[in-house]
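User: I've got a model open and want to go through it with you. Can you take me around?

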Amino acid sequence: MSGGDLRAARIRQTRALAGFLVVQTLAAVFFVGDVIGDLIADPGSVHFIFEALVTAALVLGVAFGAFALRRTIEMMRAQETALSVAQGELAQVIGEQFTDWRLTQAERDVGMLALKGLDVAEIAELRGAAQGTVRAQLTRIYAKAGVSGRAQFAAFFVEDLLGEGVRPATPVAPAAT
Amino acid sequence: MAASLPRSTAAAATAATPDSESGPRLWDPVVRVSHWGIALVVLFNAVLDQGGGTLHVTLGWIGMALLALRFIWGFAGPAEARFTAFPPRPVAALAHLGALRRGALRRYRSHNPAGALMAYALWALLALIMATGLIMTGGRTPMRVAEENAAVAAGDWSVLVKTGKTGEDAGKGLKKAAGEVHEMAADLILILVLLHVAGVAVESRALGRNLLAPMLAGGRRQ
Ligand code: HEM
Ligand code: HEM
């Protein structure tokens with residue numbers, strides 16, 4: 001299965017990047033310690049200036065390495081999401097997304113029924129609740145999900161199904177990345 | 001519609017409860033490497049090797065690097081590894097312990113609030129241990145410590161005279177105090193680690209989900 005090959009390759013890539021990052025951090029910390037020692041002993045020497053340059057490069061390398069690793073991990077996850085949706089694990093993906101949105105148990109049930117295409121009256125009847133309650137719950141769900149209404153709510157998961165999911169999983173907080 | 005209703009409710013009911021997770025299925029490699037690397041360093045330095053020796057200081061510096069890396073990762077890492085995913089909230093931590101006793105656990109996408117507080121306590125103690133260790137060694141790198149230890153072993157005591165001169169008497173008092181704090185913090189961290197491991201076990205049982213597996217390599221596909 002080509003999806004499996006791709007996944008294995010990605011896992012190897014994150015391992016390699018992480019190993020590289022750890023070694024680089026070790027070197028950076030040891031060099032920073034040495035440079036500080038030299039700075040106290042003999043700041044003007046060629047040795048010190050050279051070593052300070054190397055150390056600065058190492059520290060920059062750590063920053064870039066961390067950034068590259070995070071990007072790889074996020075791409076891997078986006079791909080996994082697309083893949084598991086395709087493999088029929090949509091319900092699980094929805095459940096995790098509901099957790100992310102901090103829906104209560106009642107809201108989770110109502111949200112799931114709404115995604116299945118039941119209207120307010122049907123949901124109310126099924127749950128033995130008043131229609132006003134269900135309507136209020138749906139409003140809260142849409143607010144937590146940051147969507148305008150039922151159509152956008154459903155579209156949120158359809159987008160995952162179509163497998164374009166390179167954007168972060170939570171649309172409400174784009175500023176985080 | 002009426003015929004299909006019961007099926008969809010049943011599906012909704014089962015789908016809504018068990019598959020939402022708490023914590024990631026597998027922690028990313030940086031979290032795992034820093035965790036087990038630091039755990040090994042603590043085990044060696046607090047129990048197995050000789051305080052102040054070359055091995056002790058080298059391992060201590062490796063621990064510092066791993067701690068620094070985890071700190072960077074707390075800002076630059078993926079969502080569940082970032083500090084914003086598990087802020088230190090003592091009140092929420094107490095509430096979580098209460099919920100644990102009642103068996104009414106909420107799910108979190110990173111550490112639970114009590115675990116988060118423990119993580120910060122462990123990291124703070126580690127930082128204290130490392131800072132006091134640096135004070136005691138005058139910030140000397142493991143390479144320098146190794147050189148000096150080798151020189152002393154070869155019978156050249158002059159390196160000790162030199163280090164004594166930079167310290168002077170005021171520095172000596174500070175170093176002694178640092179040593180006291182260093183040892184006390186090392187004892188304290190062992191106690192906290194026991195609590196930490198007990199916490200992982202209790203939480204795993206309450207959730208019915210092995211929390212250790214995501215910190216190791218297993219548990220990928222449930
Ligand atoms: C010296 C020893 C240890 C120290 C200093 C330590 C410290 C920590 C810290 C700081 C975290 C938070 C991880 C992060 O976000 O990067 C953590 C998590 C964790 N530790 Fe340890 N730990 C130690 C030993 C152990 C041992 C022996 C176990 C095995 C039972 C263990 C199991 C775990 C688990 C399962 C988690 C993840 C908890 C969760 O799912 O929220 N730790 N530890
Ligand atoms: C997780 C990290 C560490 C732990 C758990 C730890 C623990 C300890 C303990 C328990 C002792 C007392 C040992 C004894 O009396 O035989 C000790 C001594 C010592 N440690 Fe550490 N240590 C750590 C890191 C460091 C670091 C980073 C440094 C230096 C940069 C350092 C430098 C020293 C020195 C110089 C002593 C000798 C103190 C004396 O002779 O009174 N340690 N450490």
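Analyst: Here are the ground rules, then the ligand sites and the chains.
Analyst: This is a predicted model, where local features need pLDDT of at least 70, side-chain atom pairs count only at pLDDT 80 or more, and totals for chains, interfaces and linings use all residues. Residues are numbered from 1 along each chain as its sequence is written, chains are lettered from A and ligands numbered from 1 in the order in which they are written, and side-chain values use heavy atoms, with hydrogens and water left out.

User: Start with chain B. How many helices and strands does chain B have?
Analyst: Chain B has eight helices and zero strands. Both kinds of element are DSSP runs numbered from the N terminus: helices are H or I with at least four residues, strands are E with at least two.

User: And how much of chain B counts as buried?
Analyst: Of its 222 residues, 41% count as buried. Buried means under 20% relative accessible area, exposed means over 50%, and partly exposed is in between (1.4 Å probe, protein chains only).

User: Now ligand 2. Which protein donors does its iron atom have?
Analyst: His56(B) and His182(B), each through NE2, lying 1.9 to 2.0 Å from the iron atom. Donors here are N, O and S atoms within 2.8 Å of the metal (3.2 Å for Na, K and Ca); water is not among the atoms, so sites may look incomplete.

User: Where do those two sit in the chain?
Analyst: His56(B) is in helix α3 of chain B and His182(B) in helix α7 of chain B, 126 residues apart.

User: Are His56(B) and His182(B) buried or exposed?
Analyst: Both His56(B) and His182(B) are buried.

User: Why is the arrangement around the iron atom of ligand 2 octahedral?
Analyst: Because its six donor atoms subtend angles of 86 to 180 degrees. Six donors count as octahedral, and four as square planar, if opposite donors are over 155 degrees apart and all others between 65 and 115. Four count as tetrahedral if all angles lie between 85 and 135 degrees, and anything else is irregular.

User: What else surrounds ligand 2?
Analyst: There are 18 residues around ligand 2, and the closest are Gly52(B), His56(B), Ile129(B), Gly133(B) and His182(B). To be near, a residue needs a heavy atom within 4 Å of the molecule.

User: Which helices does that shell come from?
Analyst: α2 (29–48), α3 (54–76), α5 (113–136) and α7 (158–207) of chain B each supply at least two residues. α5(B) has the largest share, five residues.

User: How does the shell around ligand 2 divide by class?
Analyst: Nine nonpolar, eight polar and one charged. Ala, Val, Leu, Ile, Met, Phe, Trp, Tyr, Cys and Pro count as nonpolar; Asp, Glu, Lys and Arg as charged; the others, Gly among them, as polar.

User: Switch to ligand 1. Which protein donors does its iron atom have?
Analyst: His35(B) and His196(B), again through NE2, at 1.9 to 2.0 Å. His35(B) is in helix α2 of chain B and His196(B) in helix α7 of chain B, so the pair ties together parts 161 residues apart in sequence.

User: What about the geometry there?
Analyst: Octahedral, with angles of 87 to 179 degrees among the six donor atoms.

User: How accessible are those histidines?
Analyst: His35(B) is partly exposed at 26% relative accessible area. His196(B) is also partly exposed, at 26%.

User: Which residues come nearest to ligand 1?
Analyst: Of the 17 around ligand 1, they are His35(B), Arg70(B), His111(B), Trp123(B) and His196(B). A side-chain N or O atom of His111(B) is 2.6 Å from an oxygen atom of ligand 1. α2, α5, α7 and α8 (212–215) of chain B give two or more residues to this shell. α2(B) gives the most, five residues.

User: And by class?
Analyst: The shell around ligand 1 has 13 nonpolar, three polar and one charged residues.

User: New topic, chain A. Which domains does the assignment give?
Analyst: Domain 1 (3–84) and domain 2 (101–162). Their centres, over C-alpha atoms, are 44 Å apart. The bounds come from an automatic or database domain assignment.

User: Last one: is Val62(A) buried or exposed?
Analyst: Buried, at 5% relative accessibility. Val62(A) is found in helix α2 (residues 46–86) of chain A. Val62(A) and Ala27(A) are 35 residues apart in sequence and 9.8 Å apart in space, C-alpha to C-alpha.

Conventions
Polar contact = N/O pair within 3.5 Å; in protein donor to acceptor, adjacent residues only side chain to side chain.
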